[in-house]
Amino acid sequence: MGRVLVVFKRVMQAIPTIVGIVIITFLLTRALPGDPAAFFAGPAATPESIAEIRQQLGLDQPLPVQFGRYLLDLTRGDLGQSMTTGQPVMAELIRRLPASLELTLVALLLSMVIALPLGILAATHQDTWIDQVCRFVVTAGVSLPTFFTGLLLVYVFYFLLGWSPPPLGRLDILYLPPTQVTGFYLIDALIAGEFDVFWSALKQLALPAITLALFTLAPLARMTRASMLQSLASDYVRTARACGLSYGKVLRTYALRNALLPVITTLGMVFSFSLGANVLVEKVFSWPGIGSFAIEALVASDYAAVQGFVLAMALLFVVLNLCVDLVYTLVDPRVKIDG
Amino acid sequence: MANSSFLGHVHYVVTSNPVTLMAMTLFAIIVLTAILGPSLVAYDPLATTSQALEPPTWQHWFGTDHLGRDVFSRVVVATRLDLMISVSAVLLSFVVGASLGGIAGYWGGWLDSTLGRMLDTIMAFPLFVLAMGIVAASGNTIQNVVIATAIINLPFYARVARAEVVVRRQSGWVLAAQLAGNGPWRILFGRVLPNALPPMMVQISLNMGWAILNAAGLSFIGLGVRAPTAEWGIMVAEGAGYIVSGEWWLVIFPGGALMLAVFTFNLLGDGLRDIFDPQRRT
């Protein structure tokens, strides 16, 4: 029962954050210099048509009234119309979200699969060449601009080696997207039993996912190494060793489990990084996700679209953080006592 | 102040850790390039010629781009702009963040909790995305890129400053300064914050690399710096279309310069931590 309460409390804590996000996103478009009405009216607008649009958008109302209207629109799922595509922003975002999520989640998975063993190896072999390799990878990882790594990989694996398809979207033009179930091409193709589509989607996904993973690898590996070192030096590990437990058993059961908790906490920062880097990677690989939608919107000064994008990303970030915290609550029995 | 022993310590750290020495050398080279930039190069970075898309030769060390401009000249000249954007963003962020964090930590109470709430709200956004939103809303200029980068860095400085001030607020020398009749502003800005400078210095140099990455990322997606200007992010963006046809030098050289700068600042951050905070060495 106590555990359910802790989870409930944590979910409630997300509400002020969401309120803050909504206020900032609102202020970003209304209170800052620049006239949205002039933007919407286009370059050939007369003062009268701008005034008309201002009234249409409710921009002549006082700010609190505008905010109320904005909230009302939000609850109805209305983020306004995109000027570049002419579609409702909400529909565009929902249509493109699976592409971004598939990329981000595969990249995170890949990054964890590499970073955790790397960090553990570096900690257990402290100050050996393995540790040095880990340190080098970590420092290089945070120094590499994502868009640069992406282009480098395209040059090597597409142009020089020819292993990889051209960096143009989620699927080779020869194939049709699989019937939509989850929106993730990898899973949908498997559900539909189309293995050639799966293979094609995987090949398209490989380079962008590796690019993104390289960027998020560094904080994860560094944290794993640090917390593993701390937990290896702890009294309980020494006690476990003194009791005659095998090295492997101590490492897996005692050291690693305790070391993973701080790593889970850093995931929040990693999400922030990867959602931002996602935008750059999507541009490099012409990935049809919400990031490339936002870039097109930015270039065209498409206000509603950018605002919707920032809001969607922030909410996604809140949800991801919430999931991490819930996992943390479920994994760490001490949280129950503290909460 | 035992100044000579501090210098001795710096000497010790630099000589015992060749990586820090290397980082300092690289840093000096980058700063010199930024200062001397335009007078070092043989070609006008904006002059277009008919020799477009030529691979690196003795004449054009880094080749030429799609408009026949010398890539080497552009990469070198861009150093100043890239460094200016990130240095001014980090400085702005540092000054505002340290003041806000200092005030919140010194007075506590509602000031502290309000600031904490504000910082949490900033951190609730994926930071690069927030910067995109700020630049999009406030107008696509270099100045706004600087401000946006400063805002997303603000929480880090404010938190470090707050934590350091809270630790020192009740210490003996602060009480002594109060007894001597110093006002709170004088104590905070004249004594406590300068005392908390070392940990913030480390934060600055660790953040500088990240600030450069963010600013370059913004210009890569077309924000801030406009087309003919030489800047690393926008040069990579311009070269991106040519990488699939094998013209690698358009991307590799500006991207490599960017990477080197960020790498230098990250190494320098570790080195500074060794100098200012020997206990936290890894």
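From the N terminus on, chain A reads α-α-α-α-α-α-α-α-α-α-α-α-α-α, which comes to 14 helices and 0 strands; helices (H or I, at least four residues) and strands (E, at least two) are DSSP runs, numbered from the N terminus. This is a predicted model, where local features need pLDDT of at least 70, side-chain atom pairs count only at pLDDT 80 or more, and totals for chains, interfaces and linings use all residues. Residues are numbered from 1 along each chain as its sequence is written, while chains are lettered from A and ligands numbered from 1 in the order in which they are written.

**Confidence in chain A**

- Mean pLDDT for chain A is 82, and 93% of its residues reach 70 or more; pLDDT is the predictor's confidence in each residue, from 0 to 100.
- Within chain A, helix α5 (residues 89-124) has the highest confidence, at 89, and helix α14 (residues 334-338) the lowest, at a mean of 55.
- Where pLDDT is low, the predicted coordinates should not be read in detail.

**Chain A overall**

- The C-alpha trace of chain A spans about 85 × 55 × 40 Å along its principal axes.
- Of chain A's 339 residues, 39% count as buried. A residue is buried if 20 or more other C-beta atoms lie within 10 Å of its own, exposed if 12 or fewer, and partly exposed in between, with C-beta atoms placed from the backbone.
- Take the contacts in chain A between residues at least 6 apart in sequence, and 70% of them join residues at least 24 apart. Two residues are in contact if their C-beta atoms, placed from the backbone, lie within 7 Å.

**Two domains in chain A**

- Chain A splits into domain 1 (2-75) and domain 2 (94-331), with bounds that come from an automatic or database domain assignment.
- The centres of domain 1 and domain 2 of chain A, taken over C-alpha atoms, are 32 Å apart.
- Domain 1 of chain A brings 13 residues to the contact and domain 2 of chain A brings 12 residues.
- On the domain 1 side, α1 (2-30) and α2 (36-41) of chain A are the elements giving two or more residues, and α1(A) gives the most, with 11 residues.
- That side of domain 1 of chain A has 9 nonpolar, 3 polar and 1 charged residues. Here Ala, Val, Leu, Ile, Met, Phe, Trp, Tyr, Cys and Pro count as nonpolar, Asp, Glu, Lys and Arg as charged, and the others, Gly among them, as polar.

**Where chain B meets chain A**

- The contact uses 37 residues from chain B and 39 residues from chain A.
- Five chain B helices each supply at least two residues of its side: α4 (109-123), α5 (127-138), α9 (197-220), α10 (232-240) and α11 (249-276).
- The largest share on the chain B side, 10 residues, comes from α5(B).
- By class, that side of chain B has 26 nonpolar, 10 polar and 1 charged residues.

**Covered and open helices in chain B**

- α10(B) is mostly covered, with 8 of its 9 residues buried; among them are Trp232(B), Ile234(B) and Met235(B).
- The cover over the buried residues of α10(B) includes α7 (146-160) and α11 (247-284) of chain A, plus α3 (71-107), α9 and α11 of chain B.
- Gly181(B), with a positive phi near 95 degrees, follows α7(B).

**A backbone detail in chain A**

- Ser286(A) sits in the loop between α11 and α12 (290-299) of chain A, and its phi is positive, near 45 degrees, in a residue other than glycine.
- Most residues other than glycine have a negative phi.
- Ser286(A) is partly exposed, with 13 other C-beta atoms within 10 Å.
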